[in-house]
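Let's take a friendly look at how some side chains meet inside a protein. Have the sequence and the 3D view ready as you read.

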Amino acid sequence: MIIFGCLPETDGAVFRIHTTAEGLAGEDVPLELAFHLPAGYPSCLPGISVNSERLTRAQCVTVKEKLLGEARRLLSEPMVHELVLWTQQNLRHILSQTETESSNGTCTLPESSTVDGGLWMTLLRLDHMRARTKYVKVVEKWASELRLTGRLMFMGKMILILLQGDRSNIKEYLILQKTSKVDVDSSGKKCKEKMISVLSETKVQTEHKRFLAFEVKEYSTLEELQKEFETAGLQELFSECVLGLVK
């Protein structure tokens, strides 16, 4: 097991861990596990991300959900090391269960879909995008894989990302955003996103529009951007979190 280190954050820390576990055929499956430890950890659940070049996205999501279930059992205790060991010991069993459910044509809802009580919404701000075309494609890919809808919005130098979806998937998106090399620095070298701000995180209310897809949109005026928020029933969010950014 190789630990790539702890990335300090204002709201906690992120651990990225590379390890291997036994797959269905007894082969070593490489895994990248990321744990976002909030300030209240271990009294609060960590955000968890699972990636592997040998597993499908659906399999990675299933492993993540099983890990979150195990994390709930260990709540209030330091758990990262225990969760890594648990993954190494149980991956083959998890994948076997997934294959059995698939062959039987059954569909099980992710555990996290009911844990936080429905749909959540997060508004993010990015400082800049130097490699814009590549960056946008990566954001669209993550949103698709994590079943998130919303908007990537450009207005002048302002860049906003509005996400709707399962809260654990939004947390996983944030881990990917903070730990992946998605942009380039002033010298053209690949770099991680260090200048992202979470402007708002809340449950989607009845008056809020449910976005059906994730779209990239550009606005030429503040009025156009405001209309986008108002159409979605998000006037208050615009007034409290966006308007002040242009003053």
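The count of aromatic pairs comes to two, where rings of Phe, Tyr and Trp (its six-membered ring) pair if their centres lie within 6.5 Å, with planes under 30 degrees apart called stacked, over 60 edge-to-face and the rest tilted. Trp142 and Tyr173 form an edge-to-face pair, 5.8 Å centre to centre with 85° between the planes. This pair links distant parts of the chain, 31 residues apart: Trp142 is in helix α4 (residues 132-145) and Tyr173 in helix α5 (residues 167-179). Trp142 is buried at 7% relative accessible area, and Tyr173 is buried at 0%; buried means under 20%, exposed over 50% and partly exposed in between, using a 1.4 Å probe and protein chains only. The rings of Phe229 and Phe238 have centres 5.5 Å apart and planes at 55°, so this pair is tilted. Both of these Phe residues, Phe229 and Phe238, are buried.

This is a predicted model, in which local features need pLDDT of at least 70 and side-chain atom pairs count only at pLDDT 80 or more, while totals for chains, interfaces and linings use all residues. Residues are numbered from 1 along each chain as its sequence is written, and side-chain values use heavy atoms, leaving out hydrogens and water.

Next come charges over rings (NZ of Lys or CZ of Arg within 6 Å of the ring centre and within 35 degrees of the ring normal).

| Charged residue | Ring | Distance to ring centre |
|---|---|---|
| Arg132 | Phe154 | 3.7 Å |
| Arg167 | Trp120 | 3.9 Å |

Key:
Helix = DSSP H or I, 4+ residues; strand = E, 2+ residues; numbered from the N terminus.
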